[in-house]
Structure formats: C-alpha cells, structure tokens
Amino acid sequence: MNKKETNEIKKIFTPANCTITRICGCYVDAEKNKRTEIKEAFLSLPEDEAFKYFTIFKSGLSGSVGKNLVNMEFPRFTEEEGGSQEFLLKLRDSQLKDDTLLEEFYDKLIASYDYGENYYIVVIHCAYDIPSKSTDGIEMYDASDYVYDFIQCVVCPVKLSKAGLCYNSETNVIENRNRDWIVEAPDTGFIFPAYTDRNTDIHGLLYYAKNPEQMPERLIDELLGCVIPMSAKNQKETFQAIVEETLGENCDFETVKNIHESLNEMLEETKDEPVPFTLDKYQMKRLLENHGASQEKLEEFEQRFEEDKENKNSGFIASNVANTKSFEIKTTDVSIKVAPDKTHLIENRMIDGRPSIVIGISEHIEINGITVRPIAAQMKALEEDID
C-alpha cells in the first residue's frame, strides 16, 4: 500500500463515509487476563463514542509508509490450511460474527504480545465500495465495480490518568479528581488484506507501529506469520556501512557530501510519487560507481547486498537513509549542522597543517542568541581606527 491508498482508507473513518459494519474489543490486564469484551454493530454506537473510535482507527494508519507503516507479505506456507494467512482470511470472511474465531484470535494475540501492562484490542470489519475513477482522476462514488472487504486491528495501551485536582461544576468546588483508565492511541496494529492498486491483495497486509524501532517481532511472527522487513534505523545503519566499506579510501569528505546531495536530488524528483523511492541493488551500485568505488569493491558490494537481501533487505527507502532536514558533520569535539541545500558553504581544508572544516558565513552571526560582529566587520573597523 502507498500513501494515496492509505489516505483513501482513512476517509472511511468519518461519519459521512463510514463503511464499518462491526466492532469487537477485548480489554486485557497486565497478567494477560481478558477482563471484558464488546461485540456490536458499529452504527449502533453513540455519536461521540464513534468519533473517538474514528480517531483511533486513523492513528493506526498514521506516519510514513516504509517507517511507521510497513507492507508485509505472507510466505506461501501461511496460505495453506492451518496457516496464519488462512486463519485471518476466515476471520475477515466471518465479518467478526463467529465468536469462536474471534476468541481464538484474541488468545493468539494475547499469547504472542509481550507488553506487561493493560491494553485494549479493537477489531473492526469494513466493506468499502471502491469508487471508480474517471480518466481525469475524479472519484465516481456512484460507479463502483469492487468491494474492499477488510479487517483492521489496533492494540491500544490503557493507562491510569494522572492524579490532580479538578473543578466540580455541580458542587462548585475544587476537589480531588477521580483517576480513570484511559484508552490511548494505538501502539501497533494492522489492516488485512492489503489495499494494493486500489483493490484487495490477500497475499499481504499493512502493519502499523507507533515506534518502528520496537516492532513486536513475536506477535508478527506467531500471529501474522509475516516476514519483517528491515527497520528504518537498520536500513540507515546498513546503508552507511555499505558506503564506507565499498568506497574504502575514497570515502572522503567531498565524496560523502556529493552522495548526500545526490540522494536529496532523487528525493526531490520523486517527492510527488505515491510510493516511497527505493534504492535497489542496481541504483545503489550506480550511486557508488559514480562516486569513486573501484570495480573490486563493487563486486564485494553485490555479494554484501545479496547477503542482506536474505536478511530481509530488498532495497533502501531513500527517505530512511538520507537526512533531508540537515547536513550533519561530527568530530570528536564538535558537531555542525547546516541546511541540506547549503552544503556548498562547507569545505574541508588544511589550515596551518591541520585538517579543518571551513564554513562560509553571512554578515549575521548569533552565539547563544547574542548577535556578534563577524571577523570581517571587526577587521574593517580596526583598519578605520588606524587610519
């Protein structure tokens, strides 16, 4: 699923476009005990309660595709009888009306989710009538050929509200506030099947993680049976290691600066594309070759890339490996950050026999918020005094 497709599904979670047929929930305590459950038609909920659920479901589709939202595929064996994909398909097809299937789903999730605190599992079934699109891209809601039938599951932490004082409007006094158990925004969740090319894809799902560096691997492996792609952090670290190893002695200041600029140019050119720009093996090889990697090192790179491919890496999402917000230089004692489009102001020079970073500056300089005079202005003033 790409950005446009996730945004299209988000539109369902509004009163005007709601296609949620059923909602089920299970409140679980820190000891993994099921404390209470709900099962009802979504449209029977009070309006203010439905709005709060809409917010939760939208949160389960928030963040960046490739970082918080990760497309996952099912290995073929999971689609056989008794496999995880086959089980999820049964759950979807039941429209959450089969209590035995639903309880089995809760039990599997609870057994595989290592959390240690209270949480609320929410599962919904939706039947989205996919509107056709005219040649100019306008959605035609009265011309639908397909229905996207899916379930969304989110897992929300339930935490005790903070102690404090409150105003009681009935008694007109300030008093101690009762502490409540609050359902928070989801930490994790998924949509199954995936919505790919504006249609149902039963061979994949879209996974959500509030913190992409802390994905519940056991839950994904045991409940969903999917292969977890490399996280954004691991992609960045692997990319950096490959660049350093492949460039070798050619991994100098100017070369790395040029790679940074090339990556940002690629991102700028593809910023309007719905799918995040991904560097595959051939694009990576071309990038390294264009910036001085030797043929021997490029052959080593191909071997390294194939090894990483076996470890869940089929490419690098450019936005995960390039810093589009700043160009950062670190030494043992100093850290320097500049805007990514101002790298031409930074140079690496030898000054008085010492390797130095030289920064071109404008006339305006601040130190801890205090405006100071640049050295050129000081020299000019000194010359005027001498004259």
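**Briefing: fold and local features of a predicted protein model**

Of the contacts (heavy atoms within 4.5 Å) in the protein between residues at least 6 apart in sequence, 62% join residues at least 24 apart. The model is predicted, so local features need pLDDT of at least 70 and side-chain atom pairs pLDDT 80 or more, while totals for chains, interfaces and linings use all residues. Residues are numbered from 1 along each chain as its sequence is written, and side-chain values use heavy atoms, without hydrogens and water.

**Overall form**
- The protein has 11 helices and 20 strands, which are DSSP runs (helices H or I, at least four residues; strands E, at least two) numbered from the N terminus.
- Buried residues (under 20% relative accessible area, 1.4 Å probe, protein chains only) make up 41% of the 387 residues.

**Strands β15 and β16**
- Strand β15 (residues 327-330) pairs with β16 in the antiparallel sense over four bridges; pairing requires at least two DSSP bridges.
- A hairpin of four residues joins β15 to β16, and F327 stands opposite V338 in β16.

**Helix α2 and residue S94**
- Within α2, the residues A50, Y53, F54, I56, F57 and S59 are buried.
- S94 lies in the loop between α3 (84-93) and α4 (99-112) and is buried, because its relative accessible area is 17%.

Key. Buried < 20%, exposed > 50% of the residue type's maximum accessible area, 1.4 Å probe, protein only.
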